[in-house]
Structure formats: C-alpha cells, structure tokens
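Here are my notes on the model you sent. Please read them with the structure open.

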Amino acid sequence: MKLDGLCFQVCTTASVGIVSAQTRLRLTQRGSRIFGRYEGGSIVRGCLVGQFTDHALIFRYTQHERAGGIHGGHSSCVLETLRDGRLRIHEHFTWRTREGSGTNVFEQVSSGTQ
C-alpha cells in the first residue's frame with residue numbers, strides 16, 4: 001500500500017486526544033518507513049516516525065501544542081480502504097508524557113480539499 005504524499009483529516013478522536021477536525025496529517029513513505037507531519041486546531045506542529053507492514057502502521061509521535069506543552073507517545077494503526085478508494089486510519093494511541101490512551105480515526109482527504 002502506498003501512503004506517500006497522502007493527506008488525512010481527523011474524523012473522530014478519543015476524549016484524551018488532542019487532535020481535532022482542524023488537524024491535517026501528511027505522510028511521506030520510503031519503503032516501509034513512514035514519516036508524517038501534522039498541524040491544525042490545538043496542534044502547532046506534530047511529527048511521527050514509524051514503519052508500515054501488512055496493513056499495520058506502528059509509530060512514535062511528538063507534538064507541540066498551542067497551550068505550550070510538548071507531548072508524545074506511541075501508536076499502532078490499522079488501515080481500511082473505503083468504498084470510494086480513500087483510506088481510513090484507526091489509530092490506537094498511548095501517551096508517554098501524560099495519562100491516557102484511546103483511538104483516533106483519520107480519513108484521507110481528496111486532493112481538492114487539502
């Protein structure tokens with residue numbers, strides 16, 4: 001599965017999640033390595049680094065928040081192909097710098113709405 005250059009928007013977030021519908025995630029893929037940048041809403045800038053294998057994405061993330069904190073954690077994600085061909089990411093995250101864990105859902109944004 002090719003993820004390079006794709007952009008995603010948050011559809012749902014856990015109660016302990018910080019991302020929102022204003023958050024955009026853009027991915028870069030080199031082989032099985034994944035790098036992502038995200039921002040928007042309460043996130044000034046976030047980065048993730050991980051690996052993609054067999055429709056699963058495992059990564060670590062760090063983000064600078066508008067409230068001033070820098071926080072991070074790790075995630076495992078399952079990718080789903082929607083009927084229209086776009087991708088949906090189900091991210092199961094655990095904070096390392098604050099309490100909590102949960103699930104965020106991201107959907108691929110079509111090229112006209114990035």
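1. Overall order. From the N terminus on, the elements run β-β-β-β-β-β-β-β. That comes to zero helices and eight strands. Helices (H or I, at least four residues) and strands (E, at least two) are DSSP runs, numbered from the N terminus. The radius of gyration is 13 Å, close to the 13 Å that the globule rule gives for 114 residues, so the protein is as compact as a globular protein of that length. The radius is taken over C-alpha atoms, and the rule is 2.2 Å times the number of residues to the power 0.38.

2. Basis. This is a predicted model: local features need pLDDT of at least 70, side-chain atom pairs count only at pLDDT 80 or more, and totals for chains, interfaces and linings use all residues. Residues are numbered from 1 along each chain as its sequence is written, and side-chain values use heavy atoms, with hydrogens and water left out.

3. Extent and surface. The C-alpha trace spans about 35 × 30 × 20 Å along its principal axes. The protein exposes about 6300 Å², and carbon and sulfur atoms supply 50% of it. Accessible areas come from the Shrake-Rupley method with a 1.4 Å probe; for residues, only the protein chains shown count as cover. Of the 114 residues, 40% count as buried. Buried means under 20% relative accessible area, exposed over 50%, partly exposed in between (1.4 Å probe, protein chains only).

4. The barrel. Eight strands close into a barrel in the order β1-β2-β3-β4-β5-β6-β7-β8, with antiparallel pairing. Neighbouring strands are turned by 30° against each other on average, direction ignored. Axes here are lines fitted to C-alpha atoms, for helices over the stretch in contact, and angles run from 0 to 180 degrees between N-to-C directions. Two strands pair if DSSP finds at least two bridges between them.

5. Strand β2 and its neighbours. β1 and β2 pair in the antiparallel sense over three bridges. F8 has L25 of β2 as its bridge partner. On the other pairing, seven bridges join β2 to β3, again antiparallel. T28 stands opposite F35 in β3, and R30 stands opposite R33. The hairpin of β2 and β3 has two residues between the strands, and G31 takes a positive phi near 65° there.

6. Two faces of β2. In a regular strand the side chains alternate between the two faces of the sheet. Along β2, L25, L27 and Q29 point to one face and are buried.

7. The core. Which residues touch the most other members of the largest nonpolar core? They are L3, F8 and L27, out of 23 residues. Such a core is a set of buried Ala, Val, Leu, Ile, Met, Phe, Trp, Tyr and Cys residues joined through side-chain atoms within 4.5 Å. The elements giving two or more residues include β1 (7-12), β2 (24-30) and β7 (87-95). β7 gives the largest share, four residues. L3 touches L27, Q29, I34, F52, L79 and L87, not counting residues up to four places away in sequence. Contact means heavy atoms within 4.5 Å.

8. R45. This residue is found in strand β4. R45 is partly exposed, with a relative accessible area of 38%. R45 touches R37, Y38, E39, T62, Q63 and H64, not counting residues up to four places away in sequence. The C-alpha atoms of R45 and T62 are separated by 8.6 Å, at 17 residues apart along the chain.
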